[in-house]
Amino acid sequence: MRKVVGSLFQSLDGVIQAPGGPEEDQTGFTHGGWVYPWFDDSLDEPMGQIFARDYELLLGRRTYDIFAAYWPHNADQPIGEQFNRVRKHVVTSSQVPLAWNNSVRLAGDPVEAVANLKETEGPDLLIQGSSMLYHALLPAGLIDEIALITFPVMLGRGKRWYADDPATARSWSLVEQASSPNGVHFARFARTGEVLTGSFATKPPSQD
């Protein structure tokens, strides 16, 4: 079975909206490009491992349109060459044609469509951006790994990758981590199971 792997740039308060530049989102979000001042090459190695193994992209329609407008014209960059080459699975209800080469529409219920896709032969499925996919797939237990690249900034508002849904409750185990000198933290987690609980409360005194 294929794995679904998420990879996210997030702020300390979980916002993932428009990290790369103001042009990524025209919905009134005022902090587009918030990743840029913190980015350096110290995390190239752990982040590069995400793209080093075979993968196909799993995208929501909005992220797909952003990528399709940029990466075909920047194929000289290593990640651009990969994104242009690999298959792109796009969760969308739109009937607008997918013009980017090697793109496939996943129609219907996103949970059912992705669950069926996981059962097929092929490499792992890598989510980029696509916050609404997390809202659908996390409660269904369909995301197997998450790589979080957390930047030392709080944005206060914006699209977050997790929804307020009790069905998302589960435990994750740390696979690897790294940090940059200016406070950017990379951590990759694998889904494990139910949330474990306990108590630090002291036992009542003995009656003896």
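Gly80 touches Trp71, Asn74 and Ala75, leaving out residues up to four places away in sequence; contact means heavy atoms within 4.5 Å. Gly80 sits in helix α3. Helices (H or I, at least four residues) and strands (E, at least two) are DSSP runs, numbered from the N terminus. With 0% relative accessibility, Gly80 counts as buried. Buried means under 20% relative accessible area, exposed over 50%, and partly exposed in between (1.4 Å probe, protein chains only). Arg157 is 77 residues from Gly80 along the chain, and their C-alpha atoms are separated by 30 Å.

This is a predicted model, in which local features need pLDDT of at least 70, side-chain atom pairs count only at pLDDT 80 or more, and totals for chains, interfaces and linings use all residues. Residues are numbered from 1 along each chain as its sequence is written, and side-chain values use heavy atoms, with hydrogens and water left out.

Gln82 also lies in helix α3. Is Gln82 buried or exposed? Gln82 is buried, because its relative accessible area is 16%. Beyond its neighbours within four places in sequence, Gln82 contacts Phe51 and Tyr55. The side chains of Gln82 and Tyr55 are joined by a polar contact of 2.7 Å. A polar contact is a pair of N or O atoms within 3.5 Å; within protein, one must be able to donate a hydrogen and the other to accept it, and residues adjacent in sequence count only if both atoms are side-chain atoms.

Now the empty space. Rolling a probe the size of a water molecule over the atoms shows where empty space is left. On a 1 Å grid over the protein atoms alone, a cavity is a set of points where a 1.4 Å probe fits but cannot get out, and a pocket is an open set with protein on both sides within 12 Å along at least five of seven lines; lining residues have an atom within 4 Å of a point. Grid points are joined across faces, edges and corners, and a volume is the space filled by probe spheres set on the points.

The largest pocket is lined by 40 residues. Phe9, Pro19, Gly20, Glu24 and Phe67 lie nearest its centre. Two or more lining residues come from each of β1 (4-10), α1 (44-52), α2 (61-70), α3 (78-85) and α5 (131-137). Helix α2 gives the largest share, six residues.

A search of the whole structure finds two cavities of 30 Å³ or more. Val5, Ile50, Arg53, Asp54, Tyr55, Asp124, Leu125 and Leu126 line the largest cavity. Strand β5 (residues 124-128) supplies three of them, the largest share. The second largest cavity is lined by Trp38, Phe39, Asp40, Leu43, Met47, Phe151, Ser180 and Val184.

In the table, Ala, Val, Leu, Ile, Met, Phe, Trp, Tyr, Cys and Pro count as nonpolar, Asp, Glu, Lys and Arg as charged, and the others, Gly among them, as polar.

| Space | Volume | Lining residues by class |
|---|---|---|
| Largest pocket | about 1400 Å³ | 22 nonpolar, eleven polar, seven charged |
| Largest cavity | about 50 Å³ | five nonpolar, no polar, three charged |
| Second largest cavity | about 40 Å³ | six nonpolar, one polar, one charged |

Last, the whole chain. The protein chain has five helices and eight strands. Of its 208 residues, 43% are buried.
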